[in-house]
Every structure is written in structure tokens, then in C-alpha cells.
Amino acid sequence: FMPVISHWANASLGFDAFLEPWNIVLGFAVFFLARILGGLYFINNIDYPELVARCRRQVFADTVPFLFFFLAFVVHVLLKKGVSFDAATGLFVEVEGKYLQNFLEMPAVVIAIATCSYRDSNMMLSTYVHVVIKPATCCQFEGVSF
């Protein structure tokens, strides 16, 4: 007999999360990202030209909805209300755009994320161009493509 350390607060058993539209938006972003990663895996690991051609088209088609849903979610998170402590009154108050405000108040974090994003986006763009857009220009030596 194991003790119960948690329980549902209501009878919906967690299905009430579907009522929050931003959970659905994030779910679609993850769905299309998984399709992109799966397609890239097939392109890099399966030597079947017809399947590779279909995967290239599908990766390209899945990129647009992924970017739409992901960027919509990020913008929503950055612009939504957050909670801030007002030292003058000693109360917690809601503030519009608190997450963006916090993000911009930490320039080291902004620089770190921008640097990593720039580096990663260059690597992703290079991979995307070589795998999806210009497959004929890929070089292959001893089973390793780049």
C-alpha cells in the first residue's frame, strides 16, 4: 500500500488544460517540430531517393506552421501579465509585459541567448540548406554527410 502524495483538485482529471488555448498552441508547435526532426532523421539516415524527396518537401511544409505556432507562443509569454512586488505598498501587483520587462532588464541573458540563437540558427540554416534545399551540393565522405 503506497500513500497518496498528490491528487486531482477537481473531477476533470487534468483535461481542463485543453480549455487553455495557449496549451494547444504550444502543443501544435511541439507537434510540427517533431515532424521536422523526424523528417530530417529520415533524410540523413535512409538511402531511398523517393522517400528522401518526400521528406524534404514535408520538412519544408512543416517549417511554416512550426514557426507560426512557436513564435505566437513566445510572443504571448513575453507580453502576458506577470506578478511584481511593489516595495512601496508591500503588495504583489499584476504588471502587463512583466516577462519581457524582466528579460530586458538582464542584458547578460539577452546577449547570451542572442549569441546562442545566432550560432544555432546559423547551424540550423546551414543544415536546412544542405539537406532540404540543395541536396545535390552535399558532400559525402565515408558515410558522413555535411
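This is a predicted model: local features need pLDDT of at least 70, side-chain atom pairs count only at pLDDT 80 or more; totals for chains, interfaces and linings use all residues.
Biologist: Which way do strands E1 and E2 run, and how many bridges join them?

Modeller: The two strands run antiparallel, and five bridges join E1, residues 82–86, to E2, residues 91–95. To take one case, Gly-82 has Val-95 in E2 as its bridge partner.

Biologist: What should I know about side chains in a strand?

Modeller: In a regular strand, side chains alternate between the two faces of the sheet.

Biologist: How many residues lie between E1 and E2 in the hairpin?

Modeller: Four residues lie between them. Look at Gly-90 in that turn, where phi is positive, about 75 degrees.

Biologist: Which residue forms a salt bridge with Arg-35?

Modeller: Asp-62 does, with 3.0 Å from N to O. Arg-35 belongs to helix H1, residues 21–45, and Asp-62 to helix H2, residues 49–79, so this pair ties together parts that are 27 residues apart in sequence.

Biologist: Where is the salt bridge partner of Glu-94 in the chain?

Modeller: Let me name the pair before placing it. Glu-94 forms a salt bridge with Lys-81, and their closest N and O atoms are 3.6 Å apart. Lys-81 sits in the loop between H2 and E1, while Glu-94 is in strand E2, 13 residues apart.

Biologist: How do the accessibility cut-offs sort these two residues?

Modeller: Glu-94 has 59% relative accessibility, so Glu-94 counts as exposed. Lys-81 has 45% and counts as partly exposed.

Biologist: What does Glu-96 pair with?

Modeller: Glu-96 also forms a salt bridge with Lys-81, the closest N and O atoms being 4.0 Å apart. Glu-96 is in the loop between E2 and helix H3 (98–104), and Lys-81 is in the loop between H2 and E1, so the pair ties together parts 15 residues apart in sequence. With a relative accessible area of 56%, Glu-96 is exposed.

Biologist: What joins Lys-81, Glu-94 and Glu-96 into one network?

Modeller: Salt bridges that share partners do. Here Lys-81 is paired with Glu-94 and with Glu-96.

Notes
Residues are numbered from 1 along each chain as its sequence is written. Side-chain values use heavy atoms; hydrogens and water are left out. Two strands pair if DSSP finds at least two bridges between them. A salt bridge is a side-chain nitrogen of Lys or Arg within 4 Å of a carboxyl oxygen of Asp or Glu. Buried means under 20% relative accessible area, exposed over 50%, partly exposed in between (1.4 Å probe, protein chains only).
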